[in-house]
Every structure is written in structure tokens, then in C-alpha cells.
Amino acid sequence: MDARQLQYFLAVVDEGGVHAAAEKLFVAQPSVSQSLRALQRDLGAELFTRTGRRLQLTAAGEALIAPARQVLHWLDLSRAHVEAVNGLRTGRLVIATMPSQAVHPLPTVIDRFVTRYPLVQISIRSAGTPQDVMSLIRSGGVELGVMAVTSQVDTEGLVVHPMGRQSFIVISSREAHLPARGPLTYQQLEGQRLIIGQPGTGMRRVADQVIAANRSTIAVVETEHREAILPMVLEGTGIAVIAEAWRSLAREAGLIVHDLVTEEHLEVFIVHREVELSPAARAFLLFTVPSSVTGLPS
């Protein structure tokens with residue numbers, strides 16, 4: 001067993017197949033297949049079964065994921081510490097984030113970070129819900145995660161650093177029949193058609209409250225793609241309740257933005273596992289939550 005075999009194995013897991021894994025790794029498909037066969041021979045167990053054109057993990061394959069990620073994490077960490085002897089000049093940092101936090105505050109932090117460390121590559125993974133972020137962190141697929149929650153979630157085994165608070169806004173086209181100015185109450189959204197997010201998100205929680213508070217307000221579209229909401233509102237498909245992170249983009253797109261009168265808000269956190277962090281991750285935290293760095297795993 002070697003690191004490349006584990007890397008290829010995890011690529012197949014993450015991408016859902018050998019062909020997609022080979023494209024991600026920029027290698028020939030037979031190389032990935034041969035590596036998997038060699039790994040299975042070495043372990044004496046089948047890691048995948050084939051169902052039609054899809055590969056399905058066996059119990060042995062499922063059991064290998066976490067240790068494989070841990071091995072590659074420690075290898076990356078070893079390289080990063082060696083590279084950091086003369087200062088943080090190179091390296092790679094993988095971050096998972098929810099869509100709204102990818103709009104704000106993450107870009108601001110990344111801009112400051114890459115200005116200071118221009119040769120450190122940052123890779124951003126998409127996660128739709130807080131649970132998705134934490135799953136990626138716990139599996140070792142990413143080192144840091146940015147998420148926002150409206151209520152308490154189970155963060156057992158994770159280190160959590162507050163990044164701030166976000167409120168909710170209502171966005172609409174100019175054709176929507178809404179008051180011209182001022183914050184809106186739930187009741188002022190009576191009769192509206194809402195574009196809503198997926199369950200488990202803050203915007204979905206608030207949208208559900210708006211619908212429950214009104215007799216004729218309905219959900220017209222449910223989408224997991226947060227980036228599709230502004231275009232649909234522009235088309236007049238409906239209005240949307242979203243995090244205030246989108247305020248500037250919505251206004252630049254020509255939409256009407258109202259504050260929403262609600263007791264709900266988003267608490268934004270950056271999270272990581274209770275393990276030794278790479279120098280790049282530690283440096284990123286210094287840019288994100290400098291007051292929380294004391295006591296970080298070193």
C-alpha cells in the first residue's frame with residue numbers, strides 16, 4: 001500500500017467513478033483502475049462492487065475512507081511543516097463553505113490571506129448545509145469549514161470559532177407588490193410566491209415561518225443552488241428570503257432589497273477537527289479569528 005493508491009481510492013470515492021477520478025487527477029483511466037486492483041490485492045478485500053456503470057463501496061471500502069484521509073492528511077502536514085521552516089511560502093488549504101458565506105465573509109478573508117501568502121493554493125469545496133460542512137470536516141476531506149446556523153447543532157469533536165452574525169433580507173424584482181421602503185414583517189409578505197432553499201438551511205427555516213404566518217403565501221421553487229436565486233427573482237418567478245451576505249450582489253443586479261423583521265439570525269462559524277492543523281490552516285485562522293488562535297492545536 002502506498003500514498004498514491006490511497007489518493008486514487010479517495011478520488012474514486014469523491015468523484016463517484018474511475019473515469020471522473022482520472023480526470024480530476026489528470027491521469028489515464030487505466031492507471032486508476034490498476035492502482036485500485038493493487039490496493040485490493042494488498043488489503044485482501046474488495047473495496048467496490050459494480051452496479052451497472054456505477055461503483056458502490058463495500059463495507060471494507062467504507063471502513064478505509066477515514067484512515068485513508070488521515071494518512072494523506074499527515075503526509076500533507078509533514079510536507080507543510082517542512083515547507084514552513086523558512087516561512088509559509090507554499091502549501092495547499094482545503095476549505096468547505098456554505099453558499100452565503102462563500103459570498104461573505106470568506107472572499108474578504110481569502111483576499112487578505114493570498115496577499116500575504118500568494119503561493120499557498122486555496123481549494124474551496126461546496127457544502128449546502130451545516131451538516132454537510134461538518135461531515136466533510138469529520139471525514140478529513142477538508143481542513144477548515146465555514147458554516148452558518150440559526151440554532152444549535154452538534155459540533156462534538158470539532159473546534160468552533162465564531163466569525164460574526166448575519167441577519168435576513170427579502171429580495172424582489174421591481175414588479176413585486178411590496179412596500180417601497182422600510183423593513184418588512186412576515187405579514188407584509190402575504191400572497192407572495194417564495195423561492196426557497198433546501199431543508200437544513202437558515203433561509204429555509206425563515207421562509208417556512210413566513211409561509212406558516214400567511215394564508216396565501218406559497219413556495220413556488222425549491223432549489224439547492226443558491227446562485228440560481230437572484231436570476232429567478234430577476235425574472236419575476238418569485239421573491240426570496242436570504243442571508244444579508246447577498247445584499248450588495250442583489251442591489252448590483254437591480255433587485256429591491258428589504259430588511260426582514262425577524263428574531264432569526266445566522267451565527268457564522270469556522271470549524272476544524274481537534275487535530276494538529278497545517279501551517280496554512282493556522283495562518284488562515286489568524287486572518288479570520290485572531291482572538292481565537294490562542295490554544296489552537298500546534
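**Helix 2 and helix 3**

Mentor: Gladly! Helix 2 and helix 3 cross in a right-handed way; a crossing has this hand if the near helix is turned clockwise from the far one by less than a right angle, and is left-handed if anticlockwise. Before we go on, please keep in mind that this is a predicted model, where local features need pLDDT of at least 70, side-chain atom pairs count only at pLDDT 80 or more, and totals for chains, interfaces and linings use all residues. Residues are numbered from 1 along each chain as its sequence is written, and side-chain values use heavy atoms, without hydrogens and water.

Helices are DSSP runs of H or I with at least four residues, strands are runs of E with at least two, and both are numbered from the N terminus. Helix 2 covers residues 18-25 and helix 3 covers residues 29-43; they pack at about 115°, and their axes are 8 Å apart. An axis is a line fitted to C-alpha atoms, for helices over the stretch in contact, and angles between N-to-C directions run from 0 to 180 degrees. The two helices are therefore roughly perpendicular to each other, a label for 65 to 115 degrees (under 35 is roughly parallel, over 145 roughly antiparallel, the rest oblique).

Which residues make the contact? Helix 2 brings Val18, His19, Ala22 and Leu25, while helix 3 brings Gln29, Val32, Ser33 and Leu36; contact means heavy atoms within 4.5 Å. Five of these contact residues are nonpolar, three are polar and none is charged. Here Ala, Val, Leu, Ile, Met, Phe, Trp, Tyr, Cys and Pro count as nonpolar, Asp, Glu, Lys and Arg as charged, and the others, Gly among them, as polar.

For some context, let us visit helix 4, residues 59-83, which holds Arg69. Arg69 counts as buried because its relative accessibility is 12%; buried means under 20%, exposed over 50%, and partly exposed in between, with a 1.4 Å probe and protein chains only. Leaving aside neighbours within four places in sequence, Arg69 touches Leu10, Asp14, Ser139, Gly140 and Gly141.

One last stop is a loop between helix 5 (99-103) and helix 6 (106-116), where Pro105 lies. His104 and Pro105 are joined by a cis peptide bond, with omega about 15°.
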